[in-house]
Amino acid sequence: MDIRQCQEEDLELLERHIPSPGQTRRHAMRFDKQQQGLSTFLVAWSNGIPVGSAQILWQGCTAPEVHKCFPECPELNGLGVWPPQLRSQGIGTAIIRAAESHARRSGHDQIGLGVDDQNHRAAALYLRLGYRETGCHYLDRYHYIDDHGLRHEVAAPARFLIKRFTEEPG
Ligand SMILES: CC(C)(COP(=O)(O)OP(=O)(O)OC[C@H]1O[C@@H](n2cnc3c(N)ncnc32)[C@H](O)[C@@H]1OP(=O)(O)O)[C@@H](O)C(=O)NCCC(=O)NCCS
């Protein structure tokens with residue numbers, strides 16, 4: 001498996017194999033953000049097919065409750081492995097490790113991520129990988145546009161975890 005920064009020519013394959021919900025154009029939006037220098041959009045490939053992705057938001061979590069407490073902490077955001085039958089094979093862990101390496105190489109000594117209060121399996125994985133509770137709870141607000149073009153606003157209770165690189169050798 002290969003994990004690398006998204007290129008413009010990857011977008012068509014990404015949309016074909018990991019379809020955005022409704023009309024959200026998620027991959028193109030992430031790529032645009034990377035082009036603006038605000039993020040690094042990582043894609044995992046297996047035999048030429050994208051199987052997972054995540055982005056590092058260099059300016060940190062956009063939720064005001066988190067940004068106020070951790071303004072300097074980049075956020076690993078939107079991690080996902082697709083299709084679901086490819087989960088539990090180490091792809092998510094590999095993407096997390098790749099994001100951590102990018103953050104270290106960019107001179108950061110920590111990286112954070114938000115996890116939905118209902119997502120117990122993902123939280124258990126992050127805690128196993130060295131992420132620690134910060135006590136920062138917030139509402140993860142985002143929107144998506146469904147197949148009919150209707151915009152849906154979501155506000156999901158979540159908490160912010162942080163991994164400090166000083167706690168483990170590079
Ligand atoms: C959360 C998510 C990204 C994790 O990715 P993943 O590829 O399933 O994660 P990993 O395989 O690295 O690790 C997860 C599990 O596989 C196990 N595992 C890791 N490597 C393994 C391997 N080589 N063989 C078998 N099992 C393995 C881990 O012990 C872990 O156990 P669990 O199933 O009890 O949690 C993925 O499940 C996903 O896309 N979920 C839906 C979206 C989501 O919840 N995203 C997170 C938002 S915060």
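**First stop: helix α2**

Select helix α2, whose buried residues are H27, A28, R30, F31 and Q34. Viewed down the axis of α2, these buried residues fall within an arc of 160°, so they line one face of the helix. The arc is that of the directions from the helix axis to the C-beta atoms. Buried means under 20% relative accessible area, exposed means over 50%, and partly exposed lies in between (1.4 Å probe, protein chains only). Helices (H or I, at least four residues) and strands (E, at least two) are DSSP runs, numbered from the N terminus.

Before moving on, please note that this is a predicted model, in which local features need pLDDT of at least 70, side-chain atom pairs count only at pLDDT 80 or more, and totals for chains, interfaces and linings use all residues. Residues are numbered from 1 along each chain as its sequence is written, and side-chain values use heavy atoms, with hydrogens and water left out.

Now display the surroundings of α2. Its buried residues pack against β1 (2–5), α1, β2 (39–46), β3 (49–57) and β4; contact means heavy atoms within 4.5 Å. After α2 comes G37, which has a positive phi near 80°.

Next, select R25, in the loop between α1 (11–17) and α2 (26–35). R25 is not a glycine, yet its phi is positive, near 55°. Most residues other than glycine have a negative phi, and most peptide bonds are trans. With a relative accessible area of 52%, R25 is exposed.

**Second stop: the loop between β4 and α4**

Select P83, which lies in the loop between β4 and α4. What kind of peptide bond joins W82 and P83? The bond is cis, with omega at about 5°.

S88 belongs to the loop between β4 and α4 as well. The phi of S88 is near 65°, a positive value in a residue other than glycine. S88 has 63% relative accessibility and therefore counts as exposed.

Select H102 in helix α4. Is H102 buried or exposed? Its relative accessibility is 18%, so H102 counts as buried. Apart from neighbours within four places in sequence, H102 is in contact with Q5, T40, L42, I56 and W58.

Then select H108, which is placed in the loop between α4 and β5. H108 has a relative accessible area of 24% and is partly exposed. Not counting residues up to four places away in sequence, H108 touches W58, E72, P74, A103 and F165.

Select α5 (residues 120–128), in which A122, A123, L125 and Y126 are buried. These residues cover an arc of only 160° around the axis, which puts them on the same side of α5. On the other side of α5, the exposed residues are H120, R121 and R128.

Which elements cover the buried residues of α5? The cover includes β4 (75–81), α4 (91–105), β5 (110–116) and β7 (151–164). G130 follows α5 and has a positive phi, near 105°.

Finally, select the ligand and show the residues around it. There are 16 of them, and V81, G90, G92, T93 and N119 come nearest; a residue is near a molecule or strand if one of its heavy atoms lies within 4 Å of it. β4, α4 and α5 each supply at least two residues of this shell, and α5 gives the most, with four residues.

The shell divides into five nonpolar, eight polar and three charged residues. Here Ala, Val, Leu, Ile, Met, Phe, Trp, Tyr, Cys and Pro count as nonpolar, Asp, Glu, Lys and Arg as charged, and the others, Gly among them, as polar.

- A nitrogen atom of the ligand lies 2.9 Å from a polar backbone atom of L79.
- An oxygen atom of the ligand lies 2.8 Å from a polar backbone atom of V81.
- An oxygen atom of the ligand lies 2.7 Å from an N or O atom in the side chain of N119.

On its own, the ligand has 930 Å² of accessible area, and the protein covers 64% of that area. Accessible areas come from the Shrake-Rupley method with a 1.4 Å probe.

Notes. Polar contact = N/O pair within 3.5 Å; in protein donor to acceptor, adjacent residues only side chain to side chain.
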